[in-house]
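Please consult the sequence and structure shown below.

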Amino acid sequence: MEQLKTIGRELAMGSQGGGWTGQSKEFLDLVKSIGEARSKAEEDRIILREIDSLRRRIAEPDVPRRRMKEYIIRLVYAEMLGHDASFGYIHAVKMTHDDSLSLKRTGYLAVTLFLSDDHDLIILIVNTIQKDLRSDNYLIVCTALTAACKLINEETIPAVLPQVVDLLAHPKEAVRKKAVMALHRFYQRSPASVSHLISYFRKRLCDNDPGVMGATLFPLFDLITADVNSYKDLVISFVSILKQVAERRLPKAYDYHQMPAPFIQIKLLKILALLGSGDKQASGHIYNVLGDIFRKCESSSNIGNAVLYECICCVSSIYPNAKVLDAAAESTSKFLKSDSHNLKYMGIDALGRLIKINPDIAEEHQLAVIDCLEDPDDTLKRKTFELLYKMTKSTNVEVIVDRMIDYMISINDNHYKTEIASRCVELAEQFAPSNQWFIQTMNKVFEHAGDLLNVRVAHNLMRLIAEGFGEDDEGADSQLRSSAVNSYLRILGEPKLPSLFLQVICWVLGEYGTADGKYSASYIIGKLCDVTEAHLCNDTVKAYSISAIMKICAFEITAGRNVEMLPECQSLIDELSASHSTDLQQRAYELQALLCLDSQAVESVMPLDASCEDIEFDGNLSFLNSFVQQSIEKGARPYIPESERSGTFSVSNYNSQYQHEASSHTLRFEAYELPKPSPTPATPQISVSTRTTDLVPVPETTYYYTENNQASKLPPVSDASSADHGIKLHLDGVQKKWGRPTYSSSSSSTSSEKKTNGVTRIDGVSSQSRGTLYDSKGQQSEVSAEKQKLAASLFGASAGKTEKKLASTQRAPKATTAIAERPGVTRAVSPEISKQKAASSPPPDLLDLGEPITTTTPTIDPFEQLEGLIGPTPGPSTLDNSVTTSEQKAPDLMTLYTDTPPSSSSSISSALGDIHSADKNSQMAKNVPSVKKGPNPQDSLQKDATARHVGVTPTGNNPNLFRDLLG
Amino acid sequence: MIHFVILISRQGKVRLTKWYSPYQQKERSTVIRELSGLILSRGPKLCNFVEWKGYKVVYRRYASLYFCMCIDPDDNELEILEIIHHFVEILDRYFGSVCELDLIFNFHKAYYILDEILIAGELQESSKKAVARLIAAQDSLVETAKEEAGSISNMISQAI
């Protein structure tokens with residue numbers, strides 16, 4: 001039957017002629033056979049055959065252009081059905097070069113569908129796009145702009161940006177509109193490239209054509225989202241535009257289902273919601289128009305409801321006002337009472353927004369909400385859970401979380417399961433009425449969704465059990481712990497448990513299993529051994545388990561009791577000592593070593609209930625300084641930081657925060673230094689060391705030397721180098737901050753060697769390597785500053801809370817426990833801080849065991865250094881006042897749409913003239929931001945310098961430029 | 001922002017796909033498979049929205065064809081529903097009471113029309129007239145270009 005219909009249709013089209021010209025019978029047959037294919041496999045076979053034949057034919061010489069066009073469309077078809085047609089991409093690219101619009105359009109269509117914006121072929125299209133943007137046929141320009149939106153990436157934006165900007169003044173509104181949309185896309189790709197064009201967007205807001213005005217709302221929305229405060233002056237304009245739209249003053253063509261330009265209204269409402277958020281004065285302007293729209297919008301049509309919903313969102317976002325809030329509540333209740341599931345869904349969402357302002361609104365809708373919760377429609381149910389999540393208080397938490405868990409157990413969708421599980425956890429942590437309930441809830445969540453949860457959730461739970469609920473009541477805390485232990489021991493009987501849950505259980509049993517004296521050590525150890533047996537394949541659980549056993553043994557020894565080793569425990573230790581995992585091996589050996597210690601040593605290694613205490617460690621390894629120094633004196637090769645070894649120079653190195661992402665993969669473009677023949681027959685190590693010393697800023701030694709043997713020759717060296725540097729790079733304001741005398745001191749640290757070797761020349765070092773020297777110095781000192789800050793915040797917090805500040809002698813034992821806990825349990829350290837630590841600190845804790853000497857480093861105040869590093873931050877962007885004033889005329893301008901008075905538009909354009917010229921200035925500098933991806937910092941710095949010569953200063957029109965350059 | 005537009009038939013056959021956010025070819029297949037499983041199985045009276053991997057998918061059924069758009073979680077679903085309808089109305093006007101077969105055989109034209117309505121995942125034109133005018137201009141230009149070699153196009157574009 002369907003086949004008949006297909007044929008009939010085909011005949012009809014054949015007679016129609018116009019609809020389907022130029023396509024060969026072959027292609028029609030292909031589409032038809034795909035339509036008739038009964039299975040996916042059959043479809044795949046057909047397409048693969050087609051691709052084979054296309055591959056052959058497309059490569060033939062002299063394919064007629066029309067034929068090629070069809071091939072390209074057939075390729076599009078094959079890709080659409082999920083097959084790879086990459087062999088034909090290049091032909092599509094070629095087709096964009098064609099003169100005929102018909103072929104060009106096909107080429108662009110295919111290219112936009114085929115290529116992602118990081119594809120290698122993009123570079124071949126940029127030139128064509130550039131050419132087509134200059135075409136005097138506006139349709140070609142339109143096609144090129146559409147393609148630009150899809151294909152132009154961050155790197156190629158500068159190539160087309162000037163032309164796109166010029167097109168903003170194109171006589172055809174379709175071109176202006178697409179140009180605005182293209183700039184919107186560019187902004188999304190790389191905000192810095194377009195940020196200087198803000199005034200253009202403001203101007204386009206007053207465009208004669210409503211389509212262009214509507215399109216301008218998109219970039220403005222993005223800009224306002226990024227920085228609300230710079231656009232507060234536009235509130236009045238937006239309000240008056242919205243008002244006039246709502247009063248039907250736009251052309252009829254923009255009406256949609258009897259609503260006046262609803263899509264524009266919605267976008268305007270979104271923008272106003274942003275602008276009015278938390279701003280009483282701005283909100284004051286908005287209330288009236290909102291009230292109007294609430295009154296005028298008919299809730300019978302879908303689009304009317306869409307606008308109403310957006311109004312509600314706006315009301316809930318801006319500064320509250322009783323009148324509009326009432327109107328919003330009324331609309332919401334209409335949504336909720338509706339029969340349509342869509343509207344109920346929107347109503348639930350709207351209610352969730354409104355209760356943030358006034359929780360009482362929810363009350364009258366209780367039944368409707370319950371109905372939605374029971375509804376068989378999953379989408380509605382989930383939305384309702386979201387609402388409940390927002391409504392949760394300590395009074396209703398038990399009901400809501402129980403409901404959520406029940407639902408969580410019933411679904412299979414892992415993504416949502418994860419989300420709802422973490423919400424349950426969050427609510428339970430926040431509102432739990434009792435410890436008992438909390439532990440039970442967490443058990444349920446972990447049992448059913450344990451493997452989906454973030455590891456951090458588990459760590460939070462452990463921390464919570466360790467720290468208690470923050471009350472000073474030790475009794476409550478220990479009650480919480482023992483109830484946790486009880487329930488975990490019970491749960492361990494279950495056959496299958498998620499590994500994350502097992503980790504929590506092991507940890508808690510290890511810390512608190514024997515704490516209340518209810519269970520004997522051997523009982524707990526037995527249980528822990530069972531865990532490892534039941535989960536043979538999971539190393540992490542084993543690690544937790546063996547650590548827990550170690551803790552329990554330690555507590556027993558400390559308490560003066562004898563630890564008798566259970567046979568299964570002994571066999572576990574034996575097994576793990578021979579494990580493939582070195583981590584497990586180490587733990588096993590540590591346990592064995594611990595069993596041989598006397599009780600006093602054990603107590604300091606594994607103190608009772610010490611999980612909340614902070615562990616101090618010295619990330620700079622300053623205690624090794626003397627050792628390093630000795631080795632260097634003996635002629636060892638100094639350490640070269642990794643960043644220097646690979647010879648990476650990246651502008652972002654100026655700021656250490658971006659160093660990790662940016663510097664690791666750049667190519668080195670400079671030639672390597674010529675090898676210098678060592679003049680004296682020195683030992684090979686020494687000659688190597690002399691060559692590289694200039695690159696070596698081992699920070700601690702540096703400090704050490706600067707403090708101790710502050711040689712008189714030192715300042716001149718550093719001065720000379722910094723001056724040299726300055727001349728090379730034309731960077732006055734910046735480099736002085738970096739040119740601290742300490743930076744070049746590393747070269748002086750080995751100066752004694754130099755003398756003995758007779759090597760006096762330092763100028764073999766290029767200014768670049770010196771540049772990196774400064775960089776890496778900067779990084780290191782900043783990192784250490786960060787760490788100190790971290791430490792300060794850590795210690796400050798713990799001192800305030802527990803007053804168990806660590807004596808420095810305790811540090812070594814603490815470090816051992818830290819190692820024992822390695823698989824991720826950072827004690828007492830709040831999650832984000834621990835993350836930072838993981839990111840910033842080298843892995844020195846193992847070495848930390850050795851010496852408990854803390855400070856041999858003469859401390860240079862890290863904060864002071866930090867201040868220096870930040871350097872000259874560009875001032876806040878100063879927007880032209882003239883723009884503001886011109887925008888305030890927007891209200892009158894809007895009348896253009898209906899009764900075009902020509903005078904007002906001309907006055908505006910003259911008013912905007914000077915902004916235009918001001919922007920041209922900054923336009924000249926817009927190529928510079930693109931440089932930031934380039935691998936060569938010197939180039940970009942030089943460009944920066946030329947930009948300065950041109951007269952663009954950091955505090956001028958384009959502050960982002962410098963922010964990008966400096967990282 | 002609209003991340004992608006997919007048209008699938010009731011049998012799960014793909015009629016049109018347009019991706020505004022980057023997806024690899026493999027991901028695309030998975031997305032289509034997952035979504036068609038999710039959407040085609042839904043009953044008639046349920047919401048036209050589906051939550052999917054942190055995004056929302058708004059779909060609307062016309063005869064045997066499902067129009068699906070994937071959007072951000074904070075977008076207005078009802079608006080997207082109407083954008084779909086807007087698209088369908090323009091298709092309808094262009095093809096003259098559109099049916100699935102029009103789209104099957106003229107998928108590239110549907111792409112051209114979609115390009116005039118959505119750009120970079122946003123609604124660029126809400127006036128049906130403006131879209132129709134532009135498409136007609138392009139078509140007539142293409143038609144003439146077929147007869148004569150491109151040079152005449154400039155004259156026509158000026159005449160329009």
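The model is predicted, so local features need pLDDT of at least 70 and side-chain atom pairs count only at pLDDT 80 or more, whereas totals for chains, interfaces and linings use all residues. Residues are numbered from 1 along each chain as its sequence is written, chains are lettered from A in the order in which they are written, and side-chain values use heavy atoms, without hydrogens and water.

**Interface extent**
- In chain B, 70 residues are in contact with 79 residues of chain A (contact means heavy atoms within 4.5 Å).
- About 6,900 Å² is buried between chain B and chain A, with carbon and sulfur atoms giving 56%; this is the accessible area (1.4 Å probe) that the two parts lose on being put together, summed over both.

**Salt bridges**
- Seven salt bridges are counted between chain B and chain A (a side-chain nitrogen of Lys or Arg within 4 Å of a carboxyl oxygen of Asp or Glu).
- Lys178(A) forms a salt bridge with Glu116(B), and their closest N and O atoms are 3.0 Å apart.

- Phe238(A) is in contact with residues including Leu205(A), Leu217(A), Ile271(A) and Leu275(A), leaving aside its neighbours within four places in sequence.
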